[in-house]
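Subject: Structure handover

Dear colleague,

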Amino acid sequence: MAEKFDVIIVGAGPAGTACAYTLAKAGVNVLLMERGEYPGSKNVMGGVLYRKTMEDIIPEFYKEAPVERPIVEQRFMMLDKESAINFSYKGLEWAQEPYNNFTVLRAKFDQWFADKAVQQGALLLNETVALECMVENGKVVGVKTDRPDGDLYADVVVLADGVNSLLAKSLGFHKEFRPDEVALAVMEVLKLDRKIIEDRFNLEGDHGCTVEIFGDSTKGILGTAWLYTNKDSLNIGVGTMLSGLIKNKIKPYELLDYVKNHPMIRPYIQGCEQQEYLAHLIPEGGYRSIPKIVGNGVLVVGDAAQLVNAIHREGSNMAMASGVMAAETILAAKEAGDYSEKTLDEYRINLLNSFVGQDLKKYKDATHHFEKFPQYIEQYIPMMNKAASQMFTVDGSSKWSKQKKIWSDLGSAKDKWKMARDLMNAWRVMK
């Protein structure tokens with residue numbers, strides 16, 4: 001007879017493991033499936049983990065988890081071809097427990113997190129691919145796998161199999177996501193001596209820094225680049241809308257090479273040795289792209305549910321929150337003995353009423369707006385850099401004349417009104 005579990009979770013990323021941990025802790029018989037050699041082997045993110053959601057699952061996790069550095073400074077760089085405007089916030093309150101966020105390497109962190117779920121009683125099954133959901137009488141009852149004895153049954157199946165979930169798609173929960181609903185991110189992990197990192201980024205001890213890079217880093221395509229400090233390595237990457245890469249016929253690795261060789265970035269990574277090259281699709285369709293996430297005997301969590309706040313680079317915290325809410329809904333359904341869509345829909349309601357749904361709703365039009373109007377990146381960031389250069393160059397001209405020159409460079413009255421409208425529209429989609 002095929003094996004039966006209370007819950008099968010497909011995917012051992014942050015969402016799936018958070019769900020497995022919560023269920024196993026409550027005594028539920030749960031199977032956590034991972035297609036990779038180990039959890040984290042196929043998982044990619046920029047490298048920032050926010051504390052709050054993770055600590056709600058495992059209090060003071062940072063005392064034993066393989067985190068890299070607590071972030072004490074967040075820098076932002078508005079990049080032009082040969083210049084940059086920089087601003088940042090550095091707070092030593094972030095250097096003290098309980099901290100704010102950390103840099104992590106997913107290959108290390110995801111293994112640790114999955115091991116914690118196993119310690120609670122979850123069964124972890126690596127190198128196993130879920131081929132399809134099994135459906136009987138309109139209810140998902142398990143999954144078919146690529147193993148010889150491949151049929152596994154459960155009262156509930158949780159799909160945490162990442163962006164463009166093939167299993168959710170096969171159930172008719174969503175169609176193929178459009179290129180303007182997903183971003184393609186590429187990243188390298190660069191080996192660098194710990195002391196050099198701390199000197200270059202003005203850090204003390206284990207303190208860390210993140211740099212978010214806008215403008216010329218994406219050659220006018222909507223997206224960002226980033227540079228994060230680990231203990232003895234750097235994460236450098238760039239992510240842009242897939243639609244922009246297709247339209248501009250740019251290969252993602254070419255864009256990353258461009259960032260690495262940019263004169264404003266190159267000094268940070270001099271002397272580095274490449275350790276890893278990673279690529280990953282990121283769901284950035286936002287609130288309007290959230291697919292059907294509840295069915296009879298099935299829930300969808302994390303990236304598979306399009307739960308990424310692209311504006312605030314938040315994804316793993318939303319994924320874990322969705323995993324916990326899915327687990328809580330399953331526990332209530334188990335107590336009631338009812339795994340129907342009507343009962344499980346409590347997950348969708350709770351998710352949309354939480355910070356996850358509310359933040360996605362707040363920025364529901366932002367990504368599409370900035371992609372539709374590329375002048376924010378192509379024109380306004382270079383304009384800011386040019387104005388800063390003119391104002392801060394001491395050449396014998398008065399500051400009055402410099403201001404007049406900058407004002408004149410903004411264009412005609414019509415151009416200025418257009419810029420004002422653009423700024424107002426940007427405020428509206430961000431407020």
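How are α11 and α12 oriented to each other? This is a predicted model, in which local features need pLDDT of at least 70 and side-chain atom pairs count only at pLDDT 80 or more, while totals for chains, interfaces and linings use all residues. Residues are numbered from 1 along each chain as its sequence is written, and side-chain values use heavy atoms, without hydrogens and water.

Helix α11 (residues 346–353) packs against helix α12 (residues 355–362) at about 60 degrees, with the axes 4 Å apart. The two are therefore oblique to each other (angles under 35 degrees count as roughly parallel, over 145 as roughly antiparallel, 65 to 115 as roughly perpendicular, the rest as oblique). Leu351, Leu352 and Asn353 of α11 make the contact (heavy atoms within 4.5 Å) with Phe355, Val356, Gly357 and Gln358 of α12. By type, the residues of this contact are four nonpolar, three polar and no charged.

Within α12, the residues Val356, Gly357 and Leu360 are buried (under 20% relative accessible area, 1.4 Å probe, protein chains only). They lie on the same side of α12, because the arc they cover around the axis is only 90 degrees. Their cover includes α9 (316–336) and α11.

Strands β8 (residues 130–136) and β9 (residues 139–145) run antiparallel and are joined by six bridges (strands pair if DSSP finds at least two bridges between them). Met134 is placed opposite Gly142 in β9. The two strands form a hairpin with two residues between them, and Asn137 in the turn has a positive phi of about 55 degrees.

Regards

Notes. Axes are lines fitted to C-alpha atoms, for helices over the stretch in contact, and angles run from 0 to 180 degrees between N-to-C directions. Ala, Val, Leu, Ile, Met, Phe, Trp, Tyr, Cys and Pro count as nonpolar, Asp, Glu, Lys and Arg as charged, and the others, Gly among them, as polar. Buried means under 20% relative accessible area, exposed over 50%, partly exposed in between (1.4 Å probe, protein chains only). The arc is that of the directions from the helix axis to the C-beta atoms.
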